[in-house]
Amino acid sequence: LSCNNTSGGYQRLIDGEVDVFFGAQPSTAQQAAAQQAGRTLKLTPIGREAFVIFVNQDNPVSNLSSDQVRAIYTRQLTNWKQVGGTDEPIIAFQRPQNSGSQTIMEAKVMQGRPMATPLKEESASGMGDILSSVADYRNSPGAIGYSFRWYATVMNAKAGLKLLSIDGVAPSVQGIRNGTYPLTVDVHAVTAGTTNPNVPKLLDWVRSAEGQALIEQVGYVGLS
């Protein structure tokens with residue numbers, strides 16, 4: 001058992017070094033790499049999660065519409081006063097291509113609309129970097145970023161951040177469970193043609209009542 005970021009995990013899966021990868025859905029490039037290697041990625045949902053948009057805790061904005069988030073990341077909106085905030089430039093941080101959060105941002109939030117090219121200071125290489133950058137950017141409340149709820153609130157909780165409601169719905173457990181939070185996504189177990197007979201047993205267990213109880217215990221939301 002080893003821990004990788006999303007891009008590293010998918011590469012190890014495609015290279016045949018591991019039997020199963022637990023994480024976010026693959027990017028288009030990762031799907032193409034698997035196909036080129038003669039492998040088919042099979043995604044099995046094992047839990048539910050919220051993709052979250054966050055700002056500095058001192059930012060008075062607490063809700064954005066999906067359209068406003070897309071407008072921010074295409075630079076159609078560039079100042080917080082345009083969305084009910086103070087007269088402050090919007091500093092929109094992004095993650096690298098093929099990272100899990102960037103893949104979900106492009107697929108779930110942007111829905112095919114190209115994101116504006118980030119300035120050098122708006123690029124955050126690691127998931128922890130984007131949390132720190134938004135919380136601490138020049139002692140200013142103008143930054144915005146995105147990640148997964150579990151990472152931002154459990155694994156690498158960072159003081160100074162505020163999770164936004166999207167379309168008026170907060171990324172709460174209830175909102176994830178009933179699907180009303182619009183950026184709810186699945187957490188997957190991903191395989192690429194493994195013949196290990198224990199993998200189906202493992203996936204069956206993770207989706208069983210006992211496995212789902214563990215999913216809930218560690219901070220994700222179960223499938224049912």
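Predicted model: local features only at pLDDT ≥ 70, side-chain atom pairs only at ≥ 80, totals over all residues.

Mentor: Residues are numbered from 1 along each chain as its sequence is written, and side-chain values use heavy atoms, with hydrogens and water left out.

The lining residues of that cavity are Ile 72, Tyr 73, Arg 75, Ala 92, Gln 94, Ala 116 and Glu 122. About 30 Å³ of space lies inside, and the search of the whole structure finds one cavity of 30 Å³ or more. The search uses a 1 Å grid over the protein atoms alone: a cavity is a set of points where a 1.4 Å probe fits but cannot get out, a pocket is an open set with protein on both sides within 12 Å along at least five of seven lines, and lining residues have an atom within 4 Å of a point. Points are joined across faces, edges and corners, and a volume is the space filled by probe spheres set on them.

The largest pocket has a volume of about 1,400 Å³. Of its 44 lining residues, Asn 4, Phe 21, Phe 22, Gly 23 and Tyr 220 are the closest to its centre. The lining of this pocket holds 24 nonpolar, 15 polar and five charged residues. Helices (H or I, at least four residues) and strands (E, at least two) are DSSP runs numbered from the N terminus.

Thr 6, Gly 8, Gly 9, Tyr 10, Leu 13 and Ile 14 of α1 are buried, meaning under 20% relative accessible area, with exposed over 50% and partly exposed in between (1.4 Å probe, protein chains only). They pack against β1, α2 (28-36), α4 and β8, in contacts defined as heavy atoms within 4.5 Å. Just after α1, Gly 16 has a positive phi of about 80°. In α4, seven of the ten residues are buried, so the helix is largely enclosed by the rest of the structure. Its cover includes α1, β2, α3 (66-72), β5 (143-148) and β8. Gln 111, following α4, also has a positive phi, near 55°.

Helix α9 (residues 209-217) contains Gln 212, which counts as buried because its relative accessibility is 10%. Its side chain reaches the backbone oxygen of Val 206 at 2.9 Å. Beyond neighbours within four places in sequence, Gln 212 contacts Ile 46, Val 206, Arg 207, Gly 222 and Leu 223.

For the protein chain as a whole, there are nine helices and eight strands, and 47% of the 224 residues count as buried. Among contacts with a separation of 6 or more, 71% join residues 24 or more positions apart. The C-alpha trace spans about 60 × 35 × 25 Å along its principal axes.

Technical notes
Polar contact = N/O pair within 3.5 Å; in protein donor to acceptor, adjacent residues only side chain to side chain. Nonpolar A, V, L, I, M, F, W, Y, C, P; charged D, E, K, R; others polar.
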